[in-house]
Amino acid sequence: MQEVVVGVIGCGYWGPNVLRSFAAVPGCRVKRAADRRPGRLRFVAERFPEVVLSDDHEAILRDPEIDAVCVVTPVSTHHQLALAALAAGKHVLVEKPLAAQPAQALDLVEQAERRGLLLGVGHLFEYHPAISALRTAIAQGAIGELAYLDGARINPGPPASEVNVLWDLAPHDVSIQLLLAGAEPETVTAFGSRCTRGDLLDAAFVHLAFAGGCRGQIHVSWLSPHKTRRLWVMGTQGSILYDDLAPEKVRVFDQGFDSRVGAGDDDTRALFYRPAKVTVPVLAADEPLRLECEEFVRALRTGTPPRADGASGLRVVRVLAAAELSLARGSVAVPLASV
């Protein structure tokens with residue numbers, strides 16, 4: 001495969017960013033884009049005059065030159081559109097989350113495998129240089145054994161949403177924590193509130209219990225005027241702070257020193273606490289979305305699944321569904337195997 005030709009379905013908030021990123025990948029060309037809204041098509045036409053536009057995604061599916069289709073539409077349409085693209089013989093990249101239900105996500109994974117096509121999902125932060133730095137630090141034993149992860153993704157809510165805050169904000173944090181833990185959780189417990197959106201959940205806490213005792217917590221909310229993108233990774237010998245809005249996005253802390261620990265009644269030493277030393281790794285200045293698109297194109301050429309593949313998308317959807325089930329049952333722990 002020399003040139004990879006791409007079609008994009010959905011030109012709303014995120015679609016033009018996906019289009020721009022694929023267009024910047026060497027050896028890749030975005031040929032077509034589709035959206036039902038005339039205003040969004042005019043927006044794309046002004047910025048990407050070389051792209052053929054239509055209000056019907058079928059034009060993308062019928063084009064024999066197009067190798068891959070990107071689905072950047074509301075979650076409720078992901079399964080139908082991705083399934084149609086696979087049936088048309090196209091490789092597919094679906095924006096997060098992969099689907100609205102585990103059964104739909106599993107169907108897409110199985111259909112892609114059956115047809116010998118690649119299926120990727122837009123778990124953007126799995127490609128973030130900061131998350132790569134966290135994975136490296138954990139693998140090198142910089143903080144000892146992984147103890148727990150504590151993430152927060154908070155900002156004002158979108159003006160309109162067909163999904164609650166769990167499905168809107170939590171997919172990224174779930175994918176990050178599963179990636180860093182290297183496993184799926186055994187149980188999922190969720191707590192949430194409907195404060196300003198009527199029946200739509202707008203604040204939630206999700207607890208993940210992994211085998212071996214590691215825990216994960218995810219706080220998502222539409223209620224704060226202050227945007228937060230933060231993750232603490234705690235280990236037995238240190239910790240790592242990832243703050244996406246800080247100048248130094250990743251800081252690695254050792255355990256510090258406290259002479260008070262173990263001091264007896266006859267201890268004559270000075271008692272003091274020394275704060276942890278901080279190491280700031282140098283991060284590559286790469287845009288995560290560009291890295292995501294580059295890897296997807298590389299996967300098409302090599303046949304190797306991308307890091308955020310369909311199986312990754314399915315795992316995240318199962319955790320989100322388990323969180324919904326936990327809420328419906330009064331915030332009890334839900335075994336992931338039962339979802």
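Student: Which residues line the largest cavity?

Tutor: The lining is made of Val-18, Cys-70, Val-71, Val-72, Leu-93, Val-94, Glu-95, Gly-122 and Glu-292. This is a predicted model, in which local features need pLDDT of at least 70 and side-chain atom pairs count only at pLDDT 80 or more, while totals for chains, interfaces and linings use all residues. Residues are numbered from 1 along each chain as its sequence is written, and side-chain values use heavy atoms, with hydrogens and water left out.

Student: Why is that space called a cavity and not a pocket?

Tutor: On a 1 Å grid over the protein atoms alone, a cavity is a set of points where a 1.4 Å probe fits but cannot get out, whereas a pocket is an open set with protein on both sides within 12 Å along at least five of seven lines; an atom within 4 Å of a point makes a residue part of the lining. The structure holds two cavities of 30 Å³ or more.

Student: What is the volume of the largest cavity?

Tutor: About 40 Å³. A volume here is the space filled by probe spheres set on grid points, which are joined across faces, edges and corners.

Student: Which element gives the largest share of that lining?

Tutor: Strand E5 does, with three residues. E5 covers 91-95, and strand E4 (68-71) also supplies at least two residues. Strands (E, at least two residues) and helices (H or I, at least four) are DSSP runs, numbered from the N terminus.

Student: What makes up the lining of the second largest cavity, by class?

Tutor: There are four nonpolar, no polar and four charged residues. Ala, Val, Leu, Ile, Met, Phe, Trp, Tyr, Cys and Pro count as nonpolar, Asp, Glu, Lys and Arg as charged, and the others, Gly among them, as polar. The residues themselves are Ala-152, Arg-153, Asp-173, Ile-176, Arg-229, Arg-230, Leu-231 and Tyr-242.

Student: How many residues line the largest pocket, and which are closest to its centre?

Tutor: The pocket holds about 1600 Å³ of space. It has 49 lining residues, with Tyr-13, Trp-14, Val-72, Thr-73 and Glu-95 closest to the centre. Helix H4 (75-87), H7 and helix H8 (288-302) each supply at least two residues of the lining, and H4 gives the most, five.

Student: Why is Ser-21 called buried?

Tutor: Buried means under 20% relative accessible area, exposed over 50%, and partly exposed in between (1.4 Å probe, protein chains only). Ser-21 has 2%, so it is buried.

Student: What does the side chain of Ser-21 reach?

Tutor: It reaches the backbone oxygen of Asn-17 at 2.9 Å. Ser-21 lies in helix H1 (residues 15-23). Not counting residues up to four places away in sequence, Ser-21 touches Glu-287, Leu-289, Arg-290 and Cys-293; contact means heavy atoms within 4.5 Å.

Student: What makes a set of residues a nonpolar core?

Tutor: The members are buried Ala, Val, Leu, Ile, Met, Phe, Trp, Tyr and Cys residues joined through side-chain atoms within 4.5 Å. The largest such core has 98 residues, and those with the most contacts inside it include Phe-22 and Leu-98. Helix H7 (residues 165-181) provides the largest share, ten residues.

Student: Which residues is Phe-22 in contact with, leaving aside neighbours within four places in sequence?

Tutor: They are Val-6, Cys-28, Val-30, Cys-70, Leu-93, Cys-293, Phe-296 and Val-297.

How values were computed: Polar contact = N/O pair within 3.5 Å; in protein donor to acceptor, adjacent residues only side chain to side chain.
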